[in-house]
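Here are my notes on the model, as numbered points. Have the structure open while you read.

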Amino acid sequence: MELYDFMRTTFSARDFTGDPIPNETLYTILENARFASSGGNRQGWHVIIVRDPQTRQALAQLAEPAAKRYAAQLQAGESPWNSIDPTSVDDATIAQTPAPARLTEPFIKAAAVLVVCVDLKLVASIDQNLQRVGVISGGSIYPFVWNLLL
């Protein structure tokens with residue numbers, strides 16, 4: 001496959017077959033993804049492989065407040081979670097908005113969930129003192145996550 005084909009066809013899956021994924025397959029993916037570039041060549045990422053159904057259910061429940069806010073903001077015609085325009089949606093509306101299944105069920109249905117974390121002690125956060133949400137730190141793990149998706 002050509003580079004541009006990869007760039008045009010990579011997607012974030014939210015529908016799963018239910019087929020198991022062997023550890024060997026996950027380890028091969030992680031082994032190859034780790035060669036991604038990172039700020040300062042520090043590889044500040046950590047991956048937690050979650051297979052336990054109860055833990056995946058707990059992750060789905062933890063995602064519900066964010067999913068509710070996302071849906072409520074969409075219904076209000078907003079761009080969810082943007083860091084520039086404050087939301088006009090109040091907490092009561094968010095609480096009453098159902099969490100879309102497409103944002104919570106993948107945690108439950110996937111054979112494994114990869115939780116990718118970044119160690120902020122290892123990456124350069126040159127925007128750490130700004131009065132806004134930092135975006136620079138993630139730049140050290142985005143190529144790694146992209147490799148996982150590929």
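1. H3 and H5 first: helix H3 (residues 53–75) packs on helix H5 (residues 101–109) at an angle of about 165°, with the axes 7 Å apart. The two are therefore roughly antiparallel to each other (angles over 145 degrees count as roughly antiparallel, under 35 as roughly parallel, 65 to 115 as roughly perpendicular and the rest as oblique). Axes here are lines fitted to C-alpha atoms over the stretch in contact, and angles run from 0 to 180 degrees between N-to-C directions. Helices are DSSP runs (H or I, at least four residues), numbered from the N terminus.

2. Before going on, a word on the source: this is a predicted model, where local features need pLDDT of at least 70 and side-chain atom pairs count only at pLDDT 80 or more, while totals for chains, interfaces and linings use all residues. Residues are numbered from 1 along each chain as its sequence is written, and side-chain values use heavy atoms, with hydrogens and water left out.

3. Which residues of H3 and H5 meet? On the H3 side they are Arg-56, Gln-57, Leu-59, Ala-60, Ala-63, Glu-64, Ala-67, Tyr-70 and Leu-74, and on the H5 side Arg-102, Leu-103, Thr-104, Phe-107 and Ile-108 (contact means heavy atoms within 4.5 Å). Sorted by class, this contact has nine nonpolar, two polar and three charged residues (Ala, Val, Leu, Ile, Met, Phe, Trp, Tyr, Cys and Pro count as nonpolar, Asp, Glu, Lys and Arg as charged, and the others, Gly among them, as polar).

4. Now look at H2 and H6, whose axes come within 9 Å and cross at roughly 140°. H2 and H6 are therefore oblique to each other. Ile-29, Leu-30, Asn-32 and Ala-33 in H2 meet Phe-144, Asn-147 and Leu-148 in H6. That contact has five nonpolar, two polar and no charged residues.

5. The largest nonpolar core has seven residues: Leu-30, Ala-33, Ala-36, Trp-45, Ile-141, Phe-144 and Leu-148 (a nonpolar core is a set of buried Ala, Val, Leu, Ile, Met, Phe, Trp, Tyr and Cys residues joined through side-chain atoms within 4.5 Å). Helix H2 (23–33) and helix H6 (142–149) each supply at least two residues of this core. Leaving aside residues up to four places away in sequence, Leu-148 touches Ile-29, Leu-30, Ala-33, Leu-114 and Val-116.

6. Most residues other than glycine have a negative phi. Trp-81 is found in the loop between H3 and helix H4 (91–96). At 46% relative accessibility, Trp-81 counts as partly exposed (buried means under 20% relative accessible area, exposed over 50%, partly exposed in between, with a 1.4 Å probe and protein chains only).
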